[in-house]
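Subject: Structure handover

Hi,

Here is the structure I promised to pass on. Please open it alongside this note.

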Amino acid sequence: MTSKIGPDIRASIEAIVGAGNAFSGIDKTFDYGHDEFSMKEIAREPDLVVRPGTTEEVAAVLKIADAHRIPVTPRGGATGLCGGCVPLCGGIVLSLERMARVLEVDADNQMAVTEAGVRLSDFAKAVEESGLYFPPHPGDESAMMGGLVATNAGGSRAVKYGTIRNYVRGLELVTPAGDVLRLGGKLEKSSTGYNLMHLVIGSEGTLGVVTKVILHLKARPGLMRSLVVPFEELEPALETVPLIMKRGIVPLAIEFLEIEPITLTEAHIHKKWPTKVGRTHLLIILDAAAEEEMDRLSEAVAEICVEKGAIDVFIADTPSKQDEVLAIRSKIYDAIKSGTVEILDIAVPRAEVAGHVRKVREVAARYGVWLPTFGHAADGNVHTHIMKARYEAGVMVPVPEVEWRAKADPIRTELFLDCKARGGVISGEHGIGLVKKPYLSLVLDERQIELMRGIKRVFDPEGIMNPGKIFD
Ligand SMILES: Cc1cc2nc3c(=O)[nH]c(=O)nc-3n(C[C@H](O)[C@H](O)[C@H](O)COP(=O)(O)OP(=O)(O)OC[C@H]3O[C@@H](n4cnc5c(N)ncnc54)[C@H](O)[C@@H]3O)c2cc1C
């Protein structure tokens, strides 16, 4: 597609954001053409990268884009895993990176107001300094608050504390026509008409640009303790999870892991996991107000695990042991990234996780591939990695491209169909973006997708906002 951004339009945009904040040319824009999805062939060069510094600048740029039907792709930290911020149709990449101020931490109302370009790490730090706590913790802290809202990000603490959606109380949204909407507020309740704010959460930049976010905060929890529980077999490990929850214990996180990615990550970051026995491990993180309650919870969880056949229960109760275990869990992505084609984030009902992972293993055996699988067991959110490497005696061995390319799509489709049969969805937290778009109709019926298209048309009649994402 030839660029619609001629010299006059470019000059008008430069006059709004300043010449240094509107640039083109592959040497400067290369990094703005992709996200963390591994297959860089989906990357596109934007015609212009624009970095506004205020909501007013965002609105003025969008008015120009809308008038000339120039595609606009909002971009946060580009940590997305499904090509959501790739400028598929060229046009403008609108980067929020300069809107990076935490505007307020309001302790009395337990709310924070932040610009969309604040990184999760900076936001969490600002909240912590005020003595409060922001529980959602998706794995990459360089994600930005606008991106977290646009994808309704999750993370391992969702089992106890919910996803980003459960924390958003207000949004400032600039519509494609350049109108500034203030949705919600520092409110714990609202039954005042259709909830446009919740429509925008998870809309992946297709309805407008989020410029500010109001987030609910919690009181800081007291203590944290991690339990590492190895099992010989997959089923008893995963069947333990609903049992823990049914007994009224809600851990901060229950992750399940396989021994191969743990082994690779140990070598990658030079840290030690407490045990190497058993093929499937649970990492159960508990939080509690006081030592007594923590001991009671740990004992109850350990008892259930042992009843289900756990080989042992290892407790990481000192900060250094805890850090080691959490570092290994959070660095698995880095450790196997060079061999990863795609990270799936299928979500199924909690009691279906064991069945789904069994299916993953059956598919892996049938195709003769390695499909490392781990995830947020209590949320039913399973991260199967489609790989371009196999695992051999503690190292990854590359697989020829022609081989993994031929298998990737049929494997993905089989796993999505299994997810559908179990009442699941193809994305529990990463979003649909570009990569999962062809599979949306596997789990949503055409009438639902048509309603979504209708909503998009109302917000974005000219079709400029992140075109080609979620659905066509
Ligand atoms: C190592 C690693 C671990 C991860 N772990 C998790 C995890 O545990 N849980 C989880 O949910 N995700 C996880 N992710 C995925 C990713 O971090 C999240 O999807 C995150 O929310 C993306 O935020 P971002 O700012 O990087 O957005 P981007 O990648 O920049 O964009 C994502 C989407 O949001 C849109 N967007 C961005 N900013 C705005 C805005 N201001 N207004 C409107 N639309 C906007 C974009 O157009 C795009 O569609 C992980 C990623 C990595 C690399």
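Below is what turned up, topic by topic. Keep in mind that this is a predicted model.

Helix 4

Start with helix 4, residues 120-129. Its buried residues are Leu120, Phe123, Ala126 and Val127. Looking down the axis of helix 4, these buried residues fall within an arc of 130°, so they line one face of the helix. Lys125 and Glu129 sit on the other side and are exposed.

Helix 8 against helix 12

Next, a helix pair. Helix 8 covers residues 234-246, and helix 12 covers residues 353-367. Their axes come within 9 Å and cross at roughly 150°. An angle over 145 degrees counts as roughly antiparallel, so helix 8 is roughly antiparallel to helix 12. The crossing is right-handed. Which residues make the contact? Helix 8 contributes Leu234, Glu235 and Leu238. Helix 12 contributes Val353, Ala354, Val357, Arg358 and Arg361.

Cysteines

How many disulfides does a search of the whole structure find? It finds 0. Cys85 is in no disulfide, and the nearest cysteine sulfur, that of Cys82, is 9.0 Å away. Cys85 is buried, with a relative accessible area of 10%. For Cys419, the closest cysteine sulfur is in Cys82, 15 Å away, which is too far for a bond. Cys419 is buried too, at a relative accessible area of 0%.

Two residues to look at here. Arg69 is not a glycine, yet it has a positive phi of about 50°. Arg69 is found in the loop between helix 3 (55-67) and strand 3 (72-75). Its relative accessibility is 47%, so Arg69 counts as partly exposed.

Asn466 is not a glycine either, and has a positive phi of about 45°. Asn466 lies in the segment after helix 15 (446-459). Is Asn466 buried or exposed? Asn466 is buried, with a relative accessible area of 2%.

Best wishes

Methods:
Residues numbered from 1 in each chain as written. Predicted model: local features only at pLDDT ≥ 70, side-chain atom pairs only at ≥ 80, totals over all residues. Heavy atoms only, no water. Buried < 20%, exposed > 50% of the residue type's maximum accessible area, 1.4 Å probe, protein only. Helix = DSSP H or I, 4+ residues; strand = E, 2+ residues; numbered from the N terminus. Arc of directions from axis to C-beta. Disulfide = S-S within 2.5 Å. Axes fitted to C-alpha atoms, helices over the stretch in contact; angles between N-to-C directions. Parallel < 35°, antiparallel > 145°, perpendicular 65-115°, else oblique. Left-handed = near helix turned anticlockwise from the far one by under 90°. Contact = heavy atoms within 4.5 Å.
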